[in-house]
Structures are given as structure tokens and as C-alpha cells.
Amino acid sequence: MATDRSQEAGVKRTVIRSVAALIGMFAFAFALVPLYDVFCRITGLNGKVDTTAKAIIHEEVDQSRYITVQFITRGSAGLPWQMSVETRQMRVHPGQTAEVDFTFTNNSHQETWGRAVPSVSPSSATTHLRKVSCFCFQEQQLQGDERLTIPLIFQLARDLPEEINTITLVYTLYPVQRIALNPVNNNNAVGDSI
């Protein structure tokens, strides 16, 4: 009798531990993506960049070296926009503030929303790139056939590692789902617009 109760208690303990482990693994799986994004943002891994504006730091410009900054633009399925950059490549001194214009063109006849998501290569340069003003901080709206030019103002930190001579900044366009009130419907029903 005591053996049966002991076995039942052992089975019950094993089931409880297994269910707790299963719940823990399930919670970890859901938390993994946000944790990875935070880790990448902090370390600059995978070229993830901070999406908040930085202040210009007034430091002496390092005239002894140049860094080549390359700009690449990419479109995305589902967004009828074209993105182009005025200058594909520029040479910048660490500590110097630079500006380059990007042009967005909506090739459709209707209003659409999009966002340009940046990445930096090499990833170790991410923490040394200060974006003072960037279109990547917010979603953009373009009317049908509209064309918009927006500057990117950035600064490279003087403490940029010596082994980095070239930085590539890639912007990829993505569509943004927007919910807008439908003015045709008197019920003020909510409709989707891209």
C-alpha cells in the first residue's frame, strides 16, 4: 500500500515537473524574438540600428583619416515605391557631420504608407554611427504619384575602430498597414488602407 502511494506521488511529481518545463519552454519560445531584437540593438549584431535621433557631438574632426560611407536602397514587394539616393558613396572624416538626400517616389495612383528600415555593415560600426535626422525614424505617407526628398544627416564618432575603412548603410522599404476611416460609409466603419 505504501509502495503504491509512493509511486503515485512520484508519478504526480514527474507530471507536474514536465508540465512546468513545457510551460517554461513555451514562454521562452515566445520571448526569444523580442529578446534577440533587444540584444541585436544593444550590440549592433546583424546591423540592427537604433531608431532614435542622436544629438550632434561637437568633437574635433579627425582630418587624418577618411571613411567611405556607401548607401544602398532596396524596394519591397507590396509597396509600389522607388527609393533612390543622391550620392551612392561619400568620404567622411570621423567627427564630421554629413548630409545626403534620399528620394521616395510612389509609382501608384493611390496614397500608400511605407517605412525604410536601416541596417549597417560591418555591425561593429553601428554604435559609432549617429543619425541626427533620418526618415527611418517614422513611417512615411506618399500620395499617388508623389515624389518626396528627405535628407539623412549623420555623424561618425571619432572613436570608430581603425580597422573600419568602409561603412555600408542599407535601407529597405517595407509597406505599412494603416487603418483609416472610410469617408464614403456614413457608419464611420473602419477600413484597411496600405
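Start with the aromatics: Phe71, Trp81, Phe102, Phe104, Phe135, Phe154 and Tyr171 form one cluster. Keep in mind as you look that this is a predicted model. Going by ring centres, the count comes to 7 aromatic pairs.

Two of these pairs are worth a look. In one, the rings of phenylalanine 71 and phenylalanine 154 have centres 6.0 Å apart and planes at 65 degrees, so the pair is edge-to-face, given that anything over 60 degrees counts that way. Phenylalanine 71 sits in strand β1 and phenylalanine 154 in strand β8, so this contact ties together parts of the chain that are 83 residues apart in sequence. Phenylalanine 71 and phenylalanine 154 are both buried.

Now turn to phenylalanine 102 and tyrosine 171. Their ring centres are 5.4 Å apart and their planes meet at 70 degrees, so this pair is edge-to-face too. Here as well the pair links distant parts of the chain, with phenylalanine 102 in strand β4 and tyrosine 171 in strand β9, 69 residues apart. Both phenylalanine 102 and tyrosine 171 are buried.

In soluble globular proteins, nonpolar side chains tend to be buried together. The largest nonpolar core here has 31 residues, and the members that touch the most others are Phe71, Phe102, Phe104, Phe135, Leu152, Phe154 and Tyr171. Which elements give two or more residues to this core? They are β1 (67-74), β2 (81-85), β3 (89-92), β4 (97-106), β5 (112-121), β8 (147-156) and β9 (166-175).

The chain has 1 helix and 11 strands, and the order from the N terminus is α-β-β-β-β-β-β-β-β-β-β-β. Of its 194 residues, 31% count as buried.

What about charges? A search of the whole structure turns up 1 salt bridge. The partners are glutamate 162 and arginine 65, with their closest N and O atoms 3.6 Å apart. Glutamate 162 is in the loop between β8 and β9, while arginine 65 is in the loop between α1 (2-43) and β1, so to speak a link between distant parts of the chain, 97 residues apart. Elsewhere, arginine 91 lies over the face of tyrosine 66, at 4.1 Å from the ring centre.

Finally, have a look at the surface. Val11, Val15, Val19 and Ile23 make a nonpolar surface patch of about 350 Å². One of these, valine 11, is in helix α1. Is valine 11 buried or exposed? Its relative accessible area is 52%, and the cut-off for exposed is over 50%, so valine 11 counts as exposed.

Valine 132 makes a handy comparison. This residue is in strand β6 (residues 129-133) and, at 22% relative accessibility, counts as partly exposed. If you run a C-alpha to C-alpha distance from valine 132 to alanine 98, you get 9.8 Å in space, for two residues that are 34 apart in sequence.

Conventions: Residues numbered from 1 in each chain as written. Predicted model: local features only at pLDDT ≥ 70, side-chain atom pairs only at ≥ 80, totals over all residues. Heavy atoms only, no water. Core = buried A, V, L, I, M, F, W, Y, C linked by side-chain atoms within 4.5 Å. Buried < 20%, exposed > 50% of the residue type's maximum accessible area, 1.4 Å probe, protein only. Helix = DSSP H or I, 4+ residues; strand = E, 2+ residues; numbered from the N terminus. Phe/Tyr/Trp six-rings, centres within 6.5 Å; stacked < 30°, edge-to-face > 60°. Lys NZ or Arg CZ within 6 Å of the ring centre and 35° of its normal. Salt bridge = Lys/Arg side-chain N within 4 Å of Asp/Glu carboxyl O. Patch = residues over 30% accessible without salt bridge, like charges linked within 9 Å, V, L, I, M, F, W, Y side chains within 5 Å. Areas by Shrake-Rupley, 256 points an atom, 1.4 Å probe, with all protein chains shown as cover.
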